[in-house]
Amino acid sequence: MLSDYFSNAKKKSPLAPKTVEQMPHTLAGLSFKDWRDSRKKNHKMRNIRWAVLLFMNLLFVFSYWLDLAILEGSLSGSRLIGFYLMDPYNSLQLLAISSTTGYLAMLTMNFWIGLFTILIFWLIFGGRSYCSWMCPYHFLAEWAEKVHNYLVKKKKIKERSYHIGLRFVFLVGFLLLAVLTRNLVFENLNVVGIVSKAMIYGPSLLLLWVLAIILFEVFVSRRFWCRYVCPIGATWSLVGKASPLAIKFEHDKCGYCLECQKVCLVPHELWFVKRGAATQDVHYVGSDCTRCGLCVDVCPGNALTYAVRGASSLL
Amino acid sequence: MDKEKKNLNRREFFKGGIAAAGTLAVVGTATFILDKSAAKSMPREDFLRPPGAISEEDFLYGCIKCGLCVQICPVHAIELAGAGEGLGFGTPYIAPRIQACDFSCDALQCVETCPTAVLDFRPFKEEGVRAVEKAATEPGADLSTVNPFEVQKVAMKEAVRMGKAHVNRNTCLAHKGEGFKGNPRGTDFKGVHRSPGKNEVSASPLKDRIFDREVCDLCITECPIGEKAIIQRRSRSGRKLIPHVLDGCTGCGVCQMVCPTAQPSIVVEPF
C-alpha cells in the first residue's frame with residue numbers, strides 16, 4: 001500500500017484506450033471540438049490562486065510598511081505572528097556551509113523551529129504548491145509565459161526545451177558552490193528572493209537580472225527558470241513526493257484532448273493523459289506538479305481534480 | 001524505439017548538465033572574486049554591522065538576508081545592502097551618520113530576532129544575567145528596589161561593540177574651542193534619537209531639537225551609554241574642554257549622527 005502511495009505506476013502496462021462510445025463527449029452528446037472547448041474560459045482556480053498569492057505577498061509588504069507585524073521578513077526567512085519560517089533551500093545551503101565551519105551549533109532554536117514548521121506545512125500542502133501559490137516570481141513568469149505562447153503561436157519564435165532534471169544539477173551545484181565559496185551564492189541570483197525583497201525593502205540593481213531571466217523566458221524558452229533552474233522549486237519537489245495533497249486523474253472521465261498538457265508548467269507529469277498511456281483508472285500527478293490548478297480549470301470532463309492521496313484507503 | 005528515446009533523453013540531460021555546470025563554475029568564480037575584492041575595498045568607516053554581529057567571514061554566509069532585523073528596529077537604523085555595495089547583497093548594515101542605533105528599543109531587538117544568530121544574542125543574555133546577579137549580591141542591595149529588567153537592559157546595551165568612536169581634532173568644534181548654537185543637522189534631517197537627558201520613552205526627530213552650548217559637547221551629552229563611553233576632559237594645555245572616548249564606547253554612532261560639523265568630527269570605526 002505504501003509503495004502504491006509513492007509509485008506513479010509508469011512501468012505497468014497501459015490500459016486499453018476507450019472506444020468512441022465510451023468517450024465523455026459522446027456520452028455528453030457533443031462533438032469532440034465543442035466538448036473540448038467547453039471550459040476554455042474557466043479560470044476559477046487560477047483566480048483563487050492569484051488572490052492568495054497576491055494577498056500573501058502584499059501581507060509581507062504591508063506588515064512592514066504599516067507596522068502590522070503579521071508576516072514579517074521576506075520569503076528568505078520570515079515570522080508569522082511570532083512563529084519563524086525559514087526558506088528550506090536557503091537553510092540547506094547555510095547548513096551545508098556551517099557544518100564545515102562549526103557554525104552549526106550557533107544556530108538558534110527559532111531557526112530549527114522555522115525550518116521544520118515550513119517543511120511540515122508544505123509537506124501537507126503539496127511541496128511545490130509553494131511555487132504557484134506563494135512565489136512572486138511565478139506570478140510574473142505566468143504573464144511572460146502568455147506573451148511567449150503568443151509569439152510561438154504567431155511563429156515569431158521557436159520553442160526550446162531542455163531536460164527537466166537540470167533543476168537537480170543546479171540544486172546540488174549551488175550547494176557545492178556555497179560550501180566552496182563560503183557564501184550563499186544562489187541568494188545573489190535567486191529571482192524569488194530578489195523580487196520578494198524588492199517589493200518589501202525597495203528595488204535593487206539585481207532586478208535587472210530578473211528582467212533578463214523574464215526576457216529569456218519570453219523569447220527563448222517557456223518558463224525556463226521554474227522548469228529547469230530553480231533549486232527552491234526542486235527542493236519543494238522533493239518534499240512534495242510524500243505529500244497527500246495532489247491532483248487526481250480519473251481515466252473514465254478523460255477525453256484524451258490534451259488541453260491540460262498545453263497549460264501545464266510541468267507537462268511531463270501529465271504523461272498519463274495521452275490516449276493509451278494511462279496504466280491505472282486513477283493516477284495522482286507527480287511531485288513536480290505545483291498544484292496550480294490550471295489543468296483543473298481547463299479539463300472539460302473534470303477528470304482532473306484536487307484530492308487527498310490515500311484518503312479513500314483510510315476512510 | 002523506446003531505448004533510442006531513452007538514449008536521446010540521457011544525451012540531452014548530459015548536454016544540459018554540462019552547460020549548467022559550466023554556468024555554475026563561472027557564476028561561482030565570479031562571486032568568489034567579486035566577494036574577495038569587495039571585502040578588501042569595503043568602505044569600512046561608512047557602515048557598521050548591527051549589534052552582536054559575528055566575524056565578517058561567517059556573517060557573509062550565515063546571514064540569510066531575510067531582513068527581520070531591519071523590520072524590528074524602531075528607529076529604522078538598519079538597511080539592507082544593495083548589489084555592488086561590497087557588503088554582500090542583502091546583508092544588513094547601519095549608516096550611523098544617516099541614522100544611528102540609539103538603543104531606544106531597549107533590549108537589542110535586532111539581535112534577539114535574528115534566526116541564524118549572525119547577530120548573536122547569547123553573549124548579551126549572559127551579560128544581562130551576570131549583571132542582575134551582581135546587583136542582587138552587592139552589599140547593601142535592597143532586592144525590593146532592584147529592577148532586574150532595568151539592570152539587564154543597561155548591561156546588555158553596554159556589552160555591544162560595533163566599533164569605537166574617534167575624534168577628528170582638526171575639525172572638532174570643542175578642539176577649536178568653539179561652542180554650538182542651533183540645530184546640529186538642519187531642519188530637513190530625518191534621523192531620530194532618544195536623548196538621555198530628556199527621559200523620553202521613544203526616539204524623537206533630531207531636527208526638532210535646538211542646542212545652545214558654550215563649548216560644543218553634543219557627542220558627550222547625547223551618548224546613550226554616558227560616562228562609561230565618552231567624557232569631557234581638559235586638553236593637555238588645560239585651555240580647552242574636549243571629548244574623550246573611553247573603552248566603554250559601543251560604537252552605536254549617535255555621536256556621529258549629532259555632530260554638527262559638515263563632515264562628522266567624530267566617526268565610529270568598526271572593529
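**A walk through the model**

A: Trp122(A) has 22 C-beta neighbours inside 10 Å, so it counts as buried. Keep in mind that this is a predicted model.

Q: Okay! Which helix is Trp122(A) in?
A: Trp122(A) belongs to helix α6 of chain A, which covers residues 109–124.

Q: And what is Trp122(A) in contact with, leaving aside its neighbours within four places in sequence?
A: The contacts of Trp122(A) are Gly127(A), Ser129(A), Tyr130(A), Trp236(A) and Val239(A).

Q: How far is Trp122(A) from Ala144(A), going by C-alpha atoms?
A: Their C-alpha atoms are separated by 26 Å, and the two residues are 22 residues apart along the chain.

Q: Let's switch to a whole helix. What span should α11 of chain A have?
A: Helix α11 of chain A has 13 residues, 207–219, and at 1.5 Å a residue it should span 18 Å. Its end C-alpha atoms are 18 Å apart, which agrees.

Q: Nice. Which residues of α11(A) are buried?
A: Val210(A), Ile213(A), Ile214(A), Glu217(A) and Val218(A) are the buried ones in α11(A). They cover an arc of only 140 degrees around the axis, so they sit on the same side of α11(A).

Q: Time for strands. In what order do the strands of the chain A sheet come?
A: The order is β1-β2-β3, an open sheet of 3 strands in chain A with antiparallel pairing. At the edges are β1 (71–74) and β3 (83–86) of chain A, each pairing on one side only. From one strand to the next, the twist averages 15 degrees.

Q: How many bridges join β1(A) to β2(A)?
A: There are 4 bridges between β1(A) and β2(A), which run antiparallel. A hairpin through 2 residues connects β1(A) to β2(A).

Q: And β2(A) with β3(A), how many bridges there?
A: Strand β2 of chain A (residues 77–80) pairs with β3(A) over 4 bridges, in the antiparallel sense.

Q: Where does Leu258(A) lie, and what is its phi near?
A: Leu258(A) is in the loop between β4 and α14 (259–263) of chain A. Its phi is near 65 degrees, a positive value in a residue other than glycine. Leu258(A) is partly exposed, with 15 other C-beta atoms within 10 Å.

Q: Zooming out, how is chain A divided into domains?
A: Domain 1 of chain A takes in 15–44 + 244–314, and domain 2 takes in 46–238. Their centres, taken over C-alpha atoms, are separated by 28 Å.

Q: How many residues are in contact between domain 1 and domain 2 of chain A?
A: In chain A, 17 residues of domain 1 are in contact with 17 residues of domain 2. On the side of domain 1 that touches domain 2, β4 (245–250) and α15 (294–298) of chain A each supply at least two residues.

Q: Last topic, chain B. How many of its residues are in contact with chain A?
A: 33 residues of chain B are in contact with 45 residues of chain A. On the chain B side, α1 (2–40), α2 (56–62) and α3 (68–72) each supply at least two residues. α1(B) gives the most, with 12 residues.

Q: And Lys190(B): buried or exposed?
A: Lys190(B) counts as exposed, because it has 11 C-beta neighbours inside 10 Å. You'll find Lys190(B) in the loop between β4 (180–182) and β5 (192–193) of chain B.

How values were computed: Residues are numbered from 1 along each chain as its sequence is written. Chains are lettered from A and ligands numbered from 1 in the order in which they are written. This is a predicted model: local features need pLDDT of at least 70, side-chain atom pairs count only at pLDDT 80 or more; totals for chains, interfaces and linings use all residues. The expected span of a helix is 1.5 Å times one less than its number of residues. A residue is buried if 20 or more other C-beta atoms lie within 10 Å of its own, exposed if 12 or fewer, and partly exposed in between; C-beta atoms are placed from the backbone. The arc is that of the directions from the helix axis to the C-beta atoms. Two strands pair if DSSP finds at least two bridges between them. Axes are lines fitted to C-alpha atoms, for helices over the stretch in contact, and angles run from 0 to 180 degrees between N-to-C directions. Domain bounds come from an automatic or database domain assignment. Two residues are in contact if their C-beta atoms, placed from the backbone, lie within 7 Å.
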